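Dear colleague,

My notes on what was found follow directly after them.

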Amino acid sequence: MFNYKIGIDCIDWQQLFQIYDEVGLVAGYGKKKDHDKICKAFEQSYKVVTAWRNEKLIGAARMLSDGVCYGMIFDVGVLPEYQKLGIGKGLIAELLKENDHLCIHLTSTFGNEGFYRKLGFKRHKTAFAKYPYDSDYLI
């Protein structure tokens, strides 16, 4: 029903922009429709996974990493009409494949904390962040 592809060579960029135009993410560039920055972010990622239903791009996620110690998952986005069908879980599973040696970090969007808990992620006791803008995620 759904299949997953690794890398950016398969990406239909207009379809990817549509996902992030609808769900946001990519440091706010999705809602701002700053497509150049979205392209650059994905091109410079360690691993990119996309979810497809036939020729339609319905979800995407990416990881930044040094490939040795740490990985950070970002921008897990699925078109609203395809949410709650296991696609996000599949995107995460594909990102984690062959990366089980890494300490993986991520920041959940509000309301999705339980989703990541079900996938085995745990809260970090001492995580800190510094953003170049105000964010409801920072306390």
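The buried residues of helix H1 pack against helix H2 (29-32), H3, E2, E3 and E4. Please bear in mind that this is a predicted model.

The buried residues in question are Gln-15, Leu-16, Phe-17, Ile-19 and Tyr-20. Both ends of H1 deserve a remark. Just after the helix, Gly-24 adopts a positive phi of about 85°.

The packing of H1 (residues 13-23) with H3 (residues 35-43) can be described in more detail. Their axes are 11 Å apart and the angle between the helices is about 105°. An angle of 65 to 115 degrees counts as roughly perpendicular, and H1 and H3 are therefore assigned to that class. On the H1 side, the contact is made by Trp-13, Leu-16, Phe-17, Tyr-20 and Asp-21; H3 contributes His-35, Ile-38, Cys-39 and Phe-42. Sorted by class, the residues of this contact are 7 nonpolar, 1 polar and 1 charged.

The largest nonpolar core comprises 31 residues, and those with the most contacts inside it are Leu-16, Tyr-20, Phe-42 and Leu-91. Two or more residues each are given to this core by H1, H3, strand E2 (47-53), strand E3 (56-65), strand E4 (70-78) and H4. E3 supplies the largest share, 5 residues. In soluble globular proteins, nonpolar side chains tend to be buried together.

Leaving aside residues up to four places away in sequence, Tyr-20 touches Leu-25, Val-26, Gly-30, Lys-31, Ile-38, Phe-42, Ala-60, Ala-61, Asp-75 and Gly-77.

Lastly, I would draw your attention to Asn-99, which is located in the loop between helix H4 (87-96) and strand E5 (103-106). Is this residue, Asn-99, buried or exposed? Its relative accessibility is 4%, and residues under 20% count as buried, so Asn-99 is classed as buried. The side chain of Asn-99 reaches the backbone oxygen of Leu-95 at 3.0 Å. Again excluding residues up to four places away in sequence, Asn-99 touches Tyr-46, Lys-47, Met-63 and Ile-104.

With kind regards

How values were computed
Residues numbered from 1 in each chain as written. Predicted model: local features only at pLDDT ≥ 70, side-chain atom pairs only at ≥ 80, totals over all residues. Heavy atoms only, no water. Helix = DSSP H or I, 4+ residues; strand = E, 2+ residues; numbered from the N terminus. Buried < 20%, exposed > 50% of the residue type's maximum accessible area, 1.4 Å probe, protein only. Polar contact = N/O pair within 3.5 Å; in protein donor to acceptor, adjacent residues only side chain to side chain. Contact = heavy atoms within 4.5 Å. Axes fitted to C-alpha atoms, helices over the stretch in contact; angles between N-to-C directions. Parallel < 35°, antiparallel > 145°, perpendicular 65-115°, else oblique. Nonpolar A, V, L, I, M, F, W, Y, C, P; charged D, E, K, R; others polar. Core = buried A, V, L, I, M, F, W, Y, C linked by side-chain atoms within 4.5 Å.
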